[in-house]
Each structure stands twice: as structure tokens, then as C-alpha cells.
Amino acid sequence: MGNSDPDSPRRGGEGAGGVQSVDRAISVLEILARNGGAGVSEVAADIGVHKSTAFRLLAALEERGLVEQNHDRGRYQLGFGILRLASAIPARLDLVQQARPVLDELAASLGETVNLAVLREHYAVNVDQARGPAAVSAQNWVGQLTPLHATSSGKVLLANLPQPQRAELIERNGLPRLTEATVTSATALEQSLAKVREDGYATTFEELEVGLNAVAVPVCDDRSSVVGAVSVSGPAYRLDAARIERLVPDLFAGGRRISERMGHLG
């Protein structure tokens, strides 16, 4: 048998080859991070590939600015493109850190599950959660991607986007029906989002799940941009329209406090 490039997509099919290449590219970044730099031969030996394969991986990463050649030509180190990718993380972690005590207080005083969500592509992703005494058995939403059009947090995030971006997100993901109450008309959704902007908060009544209601308000940063949404959710029999109306002022106060902790001056 002759030598074949171990990167060849014929080994396990196109999909398998693609995943293998991604895995190797990540391994290269980890090697450079651990060692502070490495040459093509070192990288090839470390991940067990031909030098030609290691060179192609490094060249692809270099093209994206993720690695660069240092002054000792032939050796590579992490590039400034890594900072571009990493820069989105501190802001998100800072939001969670600043929101945590407020979420705990809201959950304790309101007795329901309180979530913090941010926009991720065409979803709302819950990045933190606090549970009140009445919500001990509540679902853990942390890390879950939820549809923008069927959740109170999603509607807050969607409503505060520029119209072209909002339209693009809606077109990309569509408006799938999840329950009989889900809004599936773009026109009806736009009317609903206009009301969200006017009222300053969003509600959902069994639009994501039967028996689940929620209400959310925005969280702003020092530039007055909406960077998240804090929501209260609970069973429909307990969190009905009348109770939501009563707790909205407390939720507004919580959202303002988190925003202030993020540098928003109001």
C-alpha cells in the first residue's frame, strides 16, 4: 500500500474528513498555546500527521489570523485573531457576574424561576438561572437555545434589533408553530414586537410550551444597547396575566439594576 494523506476525505467520507480536520486544527491551536510556539515538524509529530498536512493546517489558520509566524521564521505562534474570537466572552461572563445577585433576589422575592438570556445567532440562549422557593422542580434552562419568536426573552431581544437584522433572523429561522398559541405570522409578530418596544417588556402565554407563561424585560450596557433579557417564567395556573401584571414593576426594577451594574446610566 502506498502512502496516502491522512487528511483525505475518502477516509470515512467527506463529513468524517471535515470533522477530523477541525479536530486537528484545534489541536494545533492547543499546541501553540501550551508551548508558546512550534515549527511545522513539531506540530506534525505532536498530532501524528505528515509535515505537508501540518503545513496546510497552519497555513489555513494563518490565513484567518489565528496563528502567525514569529521572528524565528518557520516557527508559529498564536495570532491576534484569537483575541477577536475571545473578545466576545468577557462581556458575556461580565453580564452573568453582574446579574447573578439580582437574579437571586428576584427569584427569592417572586418565588419563580428567573433567567438571563442573550442573543446567539437566531436563538435566545439562557446563560444563567435562579430558582425561587416555588420553583424547586423547575426545568433547568441554562445553556438551552430557545426560539426568539416564542419566548419572552427572545421577543425582547428581537424587538430591540435593527429592522433589517430582525427581518433577516425571522426569514432565516422561520416562525415554526410550537403550540396552538405560537405566533406564526410575520405581520402579527411585528405588531407584537412594536408593543414590546412601547411597553418595555414582553410576555408569552403558552407559546413555547403548553402550561408555561413568562415575562421579560431588557438589560442594557453602558452604550444603551440591549445586551440581554431577564425573565420570570412559571406554570400558567400560577403565573397568569393578572400576576404577571403585578410583578412587572419588580422585574423592571431588577432589569434596571442589572443595567446599572453594566454601566447603563438610564
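Select K195 to begin: at 52% relative accessibility, this residue counts as exposed, the term being used for values over 50%, with buried meaning under 20% and partly exposed in between (relative accessible area, 1.4 Å probe, protein chains only). K195 is found in helix α8, residues 186-199.

The model on the screen is predicted, so local features need pLDDT of at least 70 and side-chain atom pairs count only at pLDDT 80 or more, while totals for chains, interfaces and linings use all residues. Residues are numbered from 1 along each chain as its sequence is written, and side-chain values use heavy atoms, with hydrogens and water left out.

**The whole chain**

Colour the protein by secondary structure. There are 9 helices and 9 strands; these are DSSP runs numbered from the N terminus, with helices (H or I) of at least four residues and strands (E) of at least two. Of the 266 residues in the protein, 42% are buried. Contacts (heavy atoms within 4.5 Å) can also be viewed by sequence separation: among those with a separation of 6 or more, 55% join residues 24 or more positions apart.

**The sheet of three strands**

Select β1, β2 and β3. They form an open sheet in the order β1-β3-β2, and the pairing is antiparallel; strands pair if DSSP finds at least two bridges between them. β1 (38-39) and β2 (67-69) stand at the edges with a single partner strand each, so one side of each is left without a neighbour in the sheet. Strand β3 (residues 75-78) is joined to β2 by 3 bridges, and V67 has L78 in β3 as its bridge partner.

Next, show helix α3 (residues 51-63), which lies across β2 and β3 and runs at about 105° to β2. Such angles are taken between N-to-C directions and run from 0 to 180 degrees, the axes being lines fitted to C-alpha atoms, for helices over the stretch in contact.

**The sheet of six strands**

Move to the other sheet, in which 6 strands are arranged in the order β6-β5-β4-β9-β8-β7, with antiparallel pairing. Its edge strands are β6 (145-147) and β7 (202-205), each of which pairs on one side only. From one strand to the next, the twist averages 35°.

Select β4 within this sheet. Because 6 of its 8 residues are buried, β4 is largely enclosed by the rest of the structure. On one pairing, 5 bridges join β4 to β9, and V114 has V232 in β9 as its bridge partner. On another, β4 pairs with β5 over 7 bridges, where L116 is partnered by D128 in β5. β4 and β5 form a hairpin with 2 residues between them, and E121 in the turn has a positive phi of about 55°.

**Helix α9**

Select residues 241-261. At 1.5 Å a residue, the 21 residues of α9 should span 30 Å, and the end C-alpha atoms are 30 Å apart, which agrees; the expected span is 1.5 Å times one less than the number of residues. Centre on L247, where α9 bends by about 40°, with a proline, P249, following within four residues. The bend is the angle between axes fitted to the seven residues ending at a position and the seven starting there. Buried residues of α9 include R243, L247, L251 and I258. Just after the helix, G263 takes a positive phi of about 100°.

**The cores**

Finally, show side chains inside the protein. A nonpolar core is a set of buried Ala, Val, Leu, Ile, Met, Phe, Trp, Tyr and Cys residues joined through side-chain atoms within 4.5 Å. The largest has 25 residues, and L103, V230, V232 and I258 have the most contacts inside it. The elements giving two or more residues to this core are α5 (88-110), β4 (113-120), β5, β8, β9 and α9, and α5 gives the most, with 8 residues.

Which residues surround L103? Leaving aside its neighbours within four places in sequence, L103 is in contact with V114, L116, D128, A130, V230 and I258. Apart from this core lies another, of 18 residues, among them L148, L161, L175 and A229.
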